[in-house]
Amino acid sequence: MSKQDKSNGPAEAKDRHQGIVKWFSEKCGYSFVQIGEEEVFIHWSTLLAFGIAKLQNDDVVTVSLVKSERGHIVDTLYGVERPPSRRS
């Protein structure tokens, strides 16, 4: 499954980062993505804003980040790729 970039074009160009989903909970409504040495928070509302209903562990995501009081959080979701063994 792959979702394409849904940003509004070059005016919103941001640094993109690729990471791996380490944990996702539909019940809690958030996920953590490993980007380099940092675990980054992503809230369910961010997923829904970009047409994604849920993530799965080991999904590869392309995102942009913003700084918050507690560290970086995902601001924009550009794409999700399932590992080859779980593609339908």
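The side chains of aspartate 59 and arginine 82 are joined by a polar contact of 2.2 Å. A polar contact is a pair of N or O atoms within 3.5 Å; within protein, one must be able to donate a hydrogen and the other to accept it, and residues adjacent in sequence count only if both atoms are side-chain atoms. The model is predicted, so local features need pLDDT of at least 70 and side-chain atom pairs count only at pLDDT 80 or more, while totals for chains, interfaces and linings use all residues. Residues are numbered from 1 along each chain as its sequence is written, and side-chain values use heavy atoms, with hydrogens and water left out.

**Around aspartate 59**

- Aspartate 59 lies in the loop between helix H1 (44–49) and S4.
- Aspartate 59 is buried, at 0% relative accessible area. Buried means under 20%, exposed over 50%, and partly exposed in between (1.4 Å probe, protein chains only).
- Aspartate 58 is found in the loop between H1 and S4. Aspartate 58 is partly exposed, at 42%.
- Aspartate 58 has a positive phi of about 80°, although it is not a glycine. Most residues other than glycine have a negative phi.
- Proline 83 sits in the segment after S5. Leaving aside neighbours within four places in sequence, proline 83 is in contact (heavy atoms within 4.5 Å) with Asp58 and Asp59.
- The C-alpha atoms of proline 83 and aspartate 59 are separated by 6.2 Å, and the two residues are 24 apart along the chain.

**Fold and surface**

- The chain has one helix and five strands. From the N terminus on, the order is β-β-β-α-β-β. Helices (H or I, at least four residues) and strands (E, at least two) are DSSP runs, numbered from the N terminus.
- Of the contacts with a separation of 6 or more, 54% are between residues 24 or more positions apart.
- Buried residues make up 33% of the 88 residues.
- The chain exposes about 5600 Å², and carbon and sulfur atoms supply 49% of that area. Areas come from the Shrake-Rupley method with a 1.4 Å probe; for residues, only the protein chains shown count as cover.

**Nonpolar core**

- The largest nonpolar core has 16 residues. Such a core is a set of buried Ala, Val, Leu, Ile, Met, Phe, Trp, Tyr and Cys residues joined through side-chain atoms within 4.5 Å.
- Leu47, Leu55, Val61, Val63 and Leu77 have the most contacts inside this core.
- Strands S1 (17–25), S2 (30–35), S3 (38–43), S4 (60–68) and S5 (71–81) each give two or more residues to this core.
- Leucine 55 is in contact with Val21, Phe24, Ser31, Ile42, Leu47, Val61 and Val80, leaving aside neighbours within four places in sequence.

**Aromatic rings**

- There are five aromatic pairs. Rings of Phe, Tyr and Trp (its six-membered ring) pair if their centres lie within 6.5 Å; planes under 30 degrees apart count as stacked, over 60 as edge-to-face and the rest as tilted.
- Tryptophan 23 and phenylalanine 32 form a tilted pair, 6.2 Å centre to centre with 40° between the planes.
- Tyrosine 30 and phenylalanine 32 are edge-to-face, because their planes are at 85°; the centres are 5.8 Å apart.
- Partly exposed residues here include tryptophan 23 at 35%, phenylalanine 32 at 26% and tyrosine 30 at 25%.
- Ring pairs link Trp23, Tyr30, Phe32 and Phe41 into a cluster.
- Arginine 16 lies over the face of tyrosine 78, 3.8 Å from the ring centre. A charge sits over a ring if NZ of Lys or CZ of Arg is within 6 Å of the ring centre and within 35 degrees of the ring normal.
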